[in-house]
Amino acid sequence: MSLFSAENKKIFWENIWKENPIFRQILGICSCLAVTNLVFNTFIMCVGLIVVTVATNVFVSLIKDYIPGRIRMITQVLIITVFVTIVDLLLQAFSYEVSKQLGAYVGLIATNCIVMGRAEVFAMKNRPWPSFLDGLGAGIGYSIILLTIAIPREILGFGTVCHYPVITSEGWVAWNIMIMPPGAFLMLGSLIWIVNSMGKKVAHEEKK
Amino acid sequence: MSEINPFIIFIAAIFTNNILLSNFLGMCSFIAISKTLKASFGLGCAVTFVMGITITANWLVFHLVLKPLGLEYLYFLIFIMIIAALVQFVEMVVERYSPTLYLALGIFLPLITVNCAILGACLFAVVRNYTFMQSIAYGIGSGIGWSLAIISMAAIRQRLRFSHVPKALEGIGITMIITGIMALAFSGFAGVVSMQ
């Protein structure tokens, strides 16, 4: 089987759009939604999540034959936590400021349902390379959504993107609600609305 | 930080710094369970109960075991294991001594192990340097705050069944919007007490 066979590509792309973890399964919004008022923090958080998901998926699929069925959940949790600890330590070592701002949320990647969901559903049954792609796809699909929420929130809330001012005209008043927690809920709700109505259209065309 | 009265923290954790509405923790089970009022109430009680116990245990382990040994960097691992072990233990104790309580909470207890609100509360208590009493107050307060949010959500969703929601917004979409409005309402409490 070649590395980039059609099937492997499908595994990767399905996770990004068709089976996107947030829209289709509503998994794992807990730990990351809180940091979406700044694009840069969101980006760091997403990178951390992708690393953990990919590493866990590969590792679980490597040792899946040695994990006894009854304790597989706790084994997965331990593997995930080890990788989360590594990510947290790396972040503290190389970008202490961001690590301080994110605070406890990095640790909460451990309880993010996406990571465990992919490990349990996919990595336990597949070989390392497809698992790698699956983890990467799920992580990227997830990150795209979070960035889609983060960018409007930062623009409307602070008038900046990644701390660079975009809206500089006079008379502009920052929308405080966007940087407050309700803003994230409202954004995600509206985003789901938009995507669902687009999805309906797509499904309709396929029927024809 | 350390001078704040535990009672203030307790109130703040319920209203102004609600763990669900302002920290976005425990969303997964919030969306899945808030369809019915009865289940929401059961889960809310279970979360409050477990949160109070685990935050106490985790505080003790962190400050009495990990800190003297210089192993603070292992705290994610240790916390998750303590939560998993404690939930299992609580389940066995409840089953043995109070079958009625077990019937009411039993199915929810395993779900709680992966509830991010529990781990989140424990991590916040460490990151914010709470004292022992403050941690307990924060744990129980967060549990009650979380229950308050999920119970009111369930009550709203039960009535929502009879209203006309746009097709594409049904289900998760409208739940998120309502949560946003609820968070807005709760932000009206800001200024009553302050934790920061």
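Modeller: The contact, meaning heavy atoms within 4.5 Å, draws 37 residues from chain B and 37 residues from chain A. This is a predicted model, in which local features need pLDDT of at least 70 and side-chain atom pairs count only at pLDDT 80 or more, whereas totals for chains, interfaces and linings use all residues. Residues are numbered from 1 along each chain as its sequence is written, chains are lettered from A and ligands numbered from 1 in the order in which they are written, and side-chain values use heavy atoms, with hydrogens and water left out.

The size of an interface is often given as the accessible area lost when the parts come together. Here chain B and chain A bury about 3,100 Å² between them, and 85% of that lies on carbon and sulfur atoms; buried area is the accessible area (1.4 Å probe) that two parts lose on being put together, summed over both. On the chain B side, B:Phe24, B:Phe76 and B:Ala168 supply 22% of the area buried against chain A, which is more than any other three residues.

Between chain B and chain A, 1 residue pair is in polar contact, with both residues at pLDDT 80 or more. A polar contact is a pair of N or O atoms within 3.5 Å; within protein, one must be able to donate a hydrogen and the other to accept it, and residues adjacent in sequence count only if both atoms are side-chain atoms.

Four helices of chain B, namely H2 (27-33), H4 (75-97), H7 (116-127) and H9 (172-187), each supply at least two residues of the side that touches chain A; helices (H or I, at least four residues) and strands (E, at least two) are DSSP runs, numbered from the N terminus. H9(B) gives the largest share of that side, with 10 residues. Sorted by class, the side of chain B that touches chain A holds 28 nonpolar, 8 polar and 1 charged residues, where Ala, Val, Leu, Ile, Met, Phe, Trp, Tyr, Cys and Pro count as nonpolar, Asp, Glu, Lys and Arg as charged, and the others, Gly among them, as polar.

B:Phe24 sits in the loop between helix H1 (6-14) and H2 of chain B, and its phi is near 60°, a positive value in a residue other than glycine. With a relative accessible area of 2%, B:Phe24 is buried; buried means under 20% relative accessible area, exposed over 50%, and partly exposed in between (1.4 Å probe, protein chains only).

Another loop of chain B, the one between H7 and helix H8 (132-160), holds B:Arg128, which counts as buried because its relative accessibility is 15%. The side chains of B:Arg128 and B:Tyr130 are joined by a polar contact of 3.3 Å. B:Asn129 is also found between H7 and H8 of chain B, and phi of B:Asn129 is near 60°, a positive value in a residue other than glycine.

From the N terminus on, its elements run α-α-α-α-α-α-α-α-β-β-α-α.

A:Glu120 pairs with A:Arg72 in a salt bridge whose closest N and O atoms are 2.8 Å apart. Because A:Glu120 lies in helix H7 of chain A and A:Arg72 in helix H5 (residues 72-94) of chain A, this pair ties together parts that are 48 residues apart in sequence. A:Arg72 is partly exposed, at a relative accessible area of 27%.

A salt bridge (3.0 Å, N to O) also links the side chains of A:Asp134 and A:Arg118. A:Asp134 belongs to helix H8 (residues 128-158) of chain A and A:Arg118 to helix H7 of chain A, so the pair ties together parts that are 16 residues apart in sequence. A:Asp134 counts as buried at 2% relative accessibility, and A:Arg118 is buried with a relative accessible area of 13%.

Note on methods
A salt bridge is a side-chain nitrogen of Lys or Arg within 4 Å of a carboxyl oxygen of Asp or Glu.
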